[in-house]
Amino acid sequence: MKATPTTAKYETAFEEDVAKGLTSFPKYLLSKYIYDEKGDKLFQQIMAMPEYYLTNCELGIIQQHTASIADSFNSKKGFDLIELGAGDGKKTKVLLKHLVDKNYDFNYLPVDISQHVLDELENSLKTEIPGVNIKTQQGTYFKTLEKLADYNSRKKVILVLGSNIGNLMHAKAIDFLKNICNAMSEEDMLFMGFDQKKDPQIILDAYNDPNGITEAFNKNLLTRMNKELEADFNTEDFKHWETYNPETGTASSYLVSKKEQQVKIDKLGLDINFAAWETIHTEISQKYDDDIVNWLAKEAGLEVTDEFSDSEKCYKNYIFRKKDL
């Protein structure tokens, strides 16, 4: 029985990361791999759920403060609007429509790990807001950040909506922000969403809805491994489990094996053993307050220069600039 990765070269990062994660103790999988075509559609369903407050809170902030946000983006030479993790662009379209209507000089460069999502976004913009000059870029945040410094002829506005930074523990969040800071000039700015600490029950309900959409989203990791890696996971043998620690602000998602079992992943030459109730950690969703956000910014060489919040202070969008040395 094989429980360690083979020495053969992996064809994809997905293969390598799955092998590494499922032969570690405790077991884990990277949440970015939930987002294949099926995962993208499930996440769009999640964003439409009444329990998933994040989307409507941030959408409300953007709708209420559109003009002020757009003014903060503007520059005499125009600007490049670079969105990391663009998704379906529902919230961004509010800003894009205003920018086009007011004749702002800008280019829109959405970045996403999913080419499928980018294609859908580009096609929808051609119909809904044809005045947008769009150039999509497929890839991970970290690969894209290496190229950001090349956009240096005019102001860069780096847009990160949806509290995507919440998928990173604080140390990695600081590294992420440092990489953005390193790619920024003095005039550039970062506009980023952060989900705020709140009633723990509200947070748990957002990641464990009664209709099972978040469960299906989490289990899509197993479905994808079955499809792409010739694995034989039975999704019914795993339980979706969500926790939230109000002290640290960390919501964590797990898949829990309901019984002792062995799963074969033929493409990787692996047999993975699970004890009864053993976990696979799949995702974190970090929650914040002003003190944590300001600390993260300071550690990364940035400073908060403005913020926008919904009326209940459930969610905030912050503007960051490079800190003066």
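Before anything else, I note that contact means heavy atoms within 4.5 Å. Helices (H or I, at least four residues) and strands (E, at least two) are DSSP runs, numbered from the N terminus.

Ground rules. I'm working with a predicted model, where local features need pLDDT of at least 70 and side-chain atom pairs count only at pLDDT 80 or more, while totals for chains, interfaces and linings use all residues. Residues are numbered from 1 along each chain as its sequence is written, and side-chain values use heavy atoms, with hydrogens and water left out.

**Entry 1: helix 5 and what follows**

I looked up which residues of helix 5 are buried (under 20% relative accessible area; exposed is over 50%, partly exposed in between, with a 1.4 Å probe and protein chains only). They are Thr 92, Lys 93, Leu 95, Leu 96, His 98 and Leu 99. What covers them includes helix 3 (53-64), helix 4 (66-73), strand 2 (79-84), strand 3, helix 6 (115-128) and strand 5.

After helix 5 comes Asn 103, with a positive phi near 60°. I found Asn 103 in the loop between helix 5 (92-101) and strand 3 (106-112). Its relative accessible area is 68%, so Asn 103 is exposed.

**Entry 2: another positive phi**

Ser 163 isn't a glycine either, yet its phi is positive, about 50°. I placed Ser 163 in the loop between strand 5 (155-160) and helix 8 (170-183). Is Ser 163 buried or exposed? Ser 163 has 7% relative accessibility, so I count it as buried.

**Entry 3: a cis bond**

Which residues does a cis peptide bond join? I found Phe 25 and Pro 26, with omega about -5°. Pro 26 sits in the loop between helix 1 (13-22) and strand 1 (27-28).

**Entry 4: strand 2**

Two strands pair if DSSP finds at least two bridges between them. Strand 2 pairs with strand 3 in the parallel sense, over 6 bridges. Leu 81 has Tyr 108 of strand 3 as its bridge partner.

Strand 7 and strand 8 (residues 250-257) run antiparallel and are joined by 8 bridges. Glu 242 has Ser 253 in strand 8 as its bridge partner.

**Entry 5: two helices together**

Last, I looked at helix 7 (residues 141-148) and helix 8, whose axes come within 8 Å and cross at roughly 20°. Axes are lines fitted to C-alpha atoms, for helices over the stretch in contact, and angles run from 0 to 180 degrees between N-to-C directions. That makes the two helices roughly parallel (under 35 degrees; over 145 is roughly antiparallel, 65 to 115 roughly perpendicular and the rest oblique).

Helix 7 brings Tyr 141, Phe 142, Leu 145 and Leu 148 to the contact, and helix 8 brings Phe 176, Asn 179, Ile 180 and Ala 183.
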